[in-house]
Amino acid sequence: MSVINFRNVSKSFPVSGGTLDVLQDLNFALDAGEILTVFGPNGCGKSTILGLIGGAIKPTTGAVTIDRNIYAMIPTIVQDYRRSLLPWLNVESNAIFPLTLAGVPRREARARLRELVERLDLSLDLTAKTYNLSGGQAQMLCMVRALVVRPRLVLMDEPFSAVDFHNSLVLRQHLYDFARQLQLTLVFVSHDLDEALFLSDRVLMLSQRPARVVEALETNLPKARDQSLLTSPIFNTLRSKALSILHGIME
Amino acid sequence: MESRRITIYSAIGPGLLLIAWIAFGDVGGANRDLLPGFIETVRTLGSLLIHGQLLADILATAQRWLIGYVLGGAAGLCVGLAIGSSRRLYDSTEFLIEFFRSLPVTAIFPLFLLLFGIGDGSKIAMVFAATVFVVILNAAYGVFHASPARRAMARSFGATPIQVFVRVTLPDALPQAAIGLRTALSLSLIVVVVAEMFIGTETGLGQRIYNSYAIDAISSMYAVILLLGVFGFVVNKSFIACERQAFRWVGK
């Protein structure tokens, strides 16, 4: 049973003097527990796909099906973590913010947060001010805030592109481990090929705008992944394959 | 907001004022009917304070000012946050707000006399008017410039429009609203004093200034002016200290 279904989905936006075709005839389905990365050039409509899944954007033609009873809350983690945190609250209050919105009593919300932090084996200073966090810690907090509502589906829009390289490797690993441990379904938007391949079960490779799916690349990588995978022969083979597809897209 | 220390430089401003006043008034032989010496003024102020003659005036002015300021600030916040949340409401009220904000409140004192009589009502109403428009505009700007990304985040977690407003937009808008409240603080203080000078009253610092001038008690007049200046400085500094404490997160 697929979680999300895109059937013949196209999307255009009105612009002065006509329309801008962003997505063209997308067809794909996503299974529960799958990690899918949407990979493509900047401005090709990757974020629009997340908007269609989240429900903020409606398709021009075609249909996006998703069972909103099961997937009632779909947290989105964005690139600009500073603007998505609430600086007037401390780390803990930020992390339990979605729970307090839903009316969960603070005491219970805090207990749930502690449980999550322990389960994921995170070091996070809950009393710190968010503006004193490093970029990596701040984005980690955004991930914790998304996970505390026990979502089954999480959307991520280039979450690590504003974090330095070292931290992006660390966060990427954490994210992968969390997703597998919590059996999350994850849709990840990226323009970093290594990141896309490392995290995914499948990579949707998009063309320039209006974006079509050029290839839905199965990674077939082992379930247990760590940094050593990046230098392994199977990863290199996969990367070469992806690069040759990319080459085709650019020509 | 950067935290600021009191340094030797902080003493330069008051020092310059003091030197200029003493040089011009005490030593330089300025017309005594227009500017008394600094030392004489301080002595007069001390005597007025010690003998309690100023107390009734201070209390009367403070009361008018506080009532007008608090009511104007509260009303300004409510209206400003409301019109900031609705483009239509803002567009339809923008002219009125900008029109009245641009007018010197003291220039339309006949209007206040007409509406509120010559008692405390008209003076309080003038303080209210001097406060409310500045606060409305700043509170509305605060809402306009509240982060759309934070609102989107809250919505993605299922926040209702009221939750988005109360838990995200409002705290985001408050620092700008506080700037309006601070601007209105000194503006309204000026207005209450001028109103007391224009509109007949028995008590009040403005009335005291006017009467002292009328009876040639020029050092009493400057004593009250000195008191007002120092008071305005202290109030403003205290407000800034509170702002820093409450909005440590701003700009970080």
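Buried area is the accessible area, taken with a 1.4 Å probe, that two parts lose on being put together, summed over both. In the predicted model described here, local features need pLDDT of at least 70 and side-chain atom pairs count only at pLDDT 80 or more, whereas totals for chains, interfaces and linings use all residues. Residues are numbered from 1 along each chain as its sequence is written, chains are lettered from A in the order in which they are written, and side-chain values use heavy atoms, with hydrogens and water left out.

Between chain A and chain B, about 1600 Å² is buried, and carbon and sulfur atoms give 68% of this area. Trp88(A), Leu101(A) and Tyr131(A) supply 42% of the area that chain A buries against chain B, more than any other three residues. The contact (heavy atoms within 4.5 Å) takes 19 residues from chain A and 16 residues from chain B.

Chain A itself comprises nine helices and nine strands, assigned as DSSP runs (helices H or I, at least four residues; strands E, at least two). The radius of gyration of chain A, 18 Å, is close to the 18 Å given by the globule rule for 251 residues, so chain A is as compact as a globular protein of that length. That radius is taken over C-alpha atoms, and the rule is 2.2 Å times the number of residues to the power 0.38. Of the 251 residues of chain A, 52% are buried, that is, under 20% relative accessible area (1.4 Å probe, protein chains only). Among contacts in chain A between residues at least 6 apart in sequence, 71% join residues at least 24 apart.

Conventions. Buried < 20%, exposed > 50% of the residue type's maximum accessible area, 1.4 Å probe, protein only.
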